[in-house]
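Subject: A structure for you to explore

Hi,

Here is the structure I promised to pass on to you.

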Amino acid sequence: MTRFAGQLALVTGASRGIGAAIAEALAAEGAHVVLTARDVKALEAVEERIFAAGGAATIAPVDLGEGDGISRLATALAGRWAALDILVHSAAILPQLTPVTDIDQTAFSKALTTNTLAAQALIGAFDPLLRRSADPRFVYLTTSVATAPRPYWGAYAASKAAGEVLVDCYAQEVRNISKVRVAIVDPGATRTAMRAKAYPGEDPNTVKLPQVVADSVVSLLGEQFASPHRLRVNQPR
């Protein structure tokens, strides 16, 4: 299947987990996928899997916490491609689960940088390139605790909630003046390293694989969804 043949997609957090699964699923549907994350070797492994499956990808190692990393990436893509069709912000940092009174400010700052500030930086840097596409789409991966806070999840929940608000505002700002469409996706319980860190005693076989989330995201990207759109990916039965 080639629903996205001729289209360019950028996926952050593409070195593993949900980000890698989304990148591979988009490539399988014909998109040329730009893979970005900090771990070069892990990105290369994802790129090799995409090549082996007959897809096309380019790795672009970037630390989203670097001051000008995102702007440099945008400049590089604009110099090679005429437009960006799909941007998926999957990268996220989960700080230690702790009472609000004990939140480590350094860890909290890192989470805010990746989960919130990077979302705004990506929008600011790539909005011009997205607007050159005939069908531009932006996807922000979130979490249920952003809208249903729980004890000890304060740092992560706050960073993702702020990211959601920024993305939702952007969707409303551009909805009537551009073709950019925005989706906020809650992947739900998924078998990832981040999930294992948060729930060390959980049987990983009881939660869905990242590919399930990827399939849902790719299916959504192939639809003419209204913007802003919210989606929660449920556990398959």
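Among contacts in the protein chain between residues at least 6 apart in sequence, 71% join residues at least 24 apart; contact here means heavy atoms within 4.5 Å. Please keep in mind that this is a predicted model, where local features need pLDDT of at least 70, side-chain atom pairs count only at pLDDT 80 or more, and totals for chains, interfaces and linings use all residues. Residues are numbered from 1 along each chain as its sequence is written, and side-chain values use heavy atoms, with hydrogens and water left out.

The overall picture

The chain has seven helices and seven strands. Both kinds of element are DSSP runs numbered from the N terminus: helices are H or I with at least four residues, strands are E with at least two. Starting at the N terminus, their order is β-α-β-α-β-α-β-α-β-α-β-α-α-β. The C-alpha atoms fill a box of roughly 50 × 35 × 35 Å along the principal axes. A compact globule of 237 residues would have a radius of gyration near 18 Å, and the 17 Å of this chain agrees with that. That radius is taken over C-alpha atoms, and the globule rule is 2.2 Å times the number of residues to the power 0.38. Buried residues make up 49% of the 237 (buried means under 20% relative accessible area, exposed over 50%, partly exposed in between, with a 1.4 Å probe and protein chains only).

The sheet

In what order do the seven strands of the open sheet stand? The order is E3-E2-E1-E4-E5-E6-E7, with parallel pairing (two strands pair if DSSP finds at least two bridges between them). E3 (56-59) and E7 are at the edges with a single partner strand each, so one side of each has no neighbour in the sheet. From one strand to the next, the twist averages 20°. E1 (residues 8-12) and E2 (residues 32-36) pair over five bridges, and Thr 12 stands opposite Thr 36 in E2.

The helices around it

H4 lies across E1, E4 (86-89) and E5, at about 175° to E4. Axes are lines fitted to C-alpha atoms, for helices over the stretch in contact, and angles run from 0 to 180 degrees between N-to-C directions. H5 (residues 154-174) has 21 residues and reaches 30 Å from its first C-alpha to its last, close to the 30 Å expected at 1.5 Å a residue; the expected span is 1.5 Å times one less than the number of residues. The buried residues of H5 include Ala 155, Tyr 156 and Val 174, and its buried residues pack against H4 (105-131), E5, E6 (181-186), H6 (193-198) and E7 (229-232).

Arg 137 is in E5 and is buried, with a relative accessible area of 1%. Its side chain makes a polar contact of 2.5 Å with the side chain of Gln 7 (a pair of N or O atoms within 3.5 Å; within protein, one must be able to donate a hydrogen and the other to accept it, and residues adjacent in sequence count only if both atoms are side-chain atoms).

Ser 133 sits in the loop between H4 and E5. Ser 133 is buried too, at 5%, and a polar contact of 2.6 Å joins its side chain to that of Asp 85.

The C-alpha atoms of His 229 and Ala 171 are 9.0 Å apart, although 58 residues separate them along the chain.

Happy exploring!
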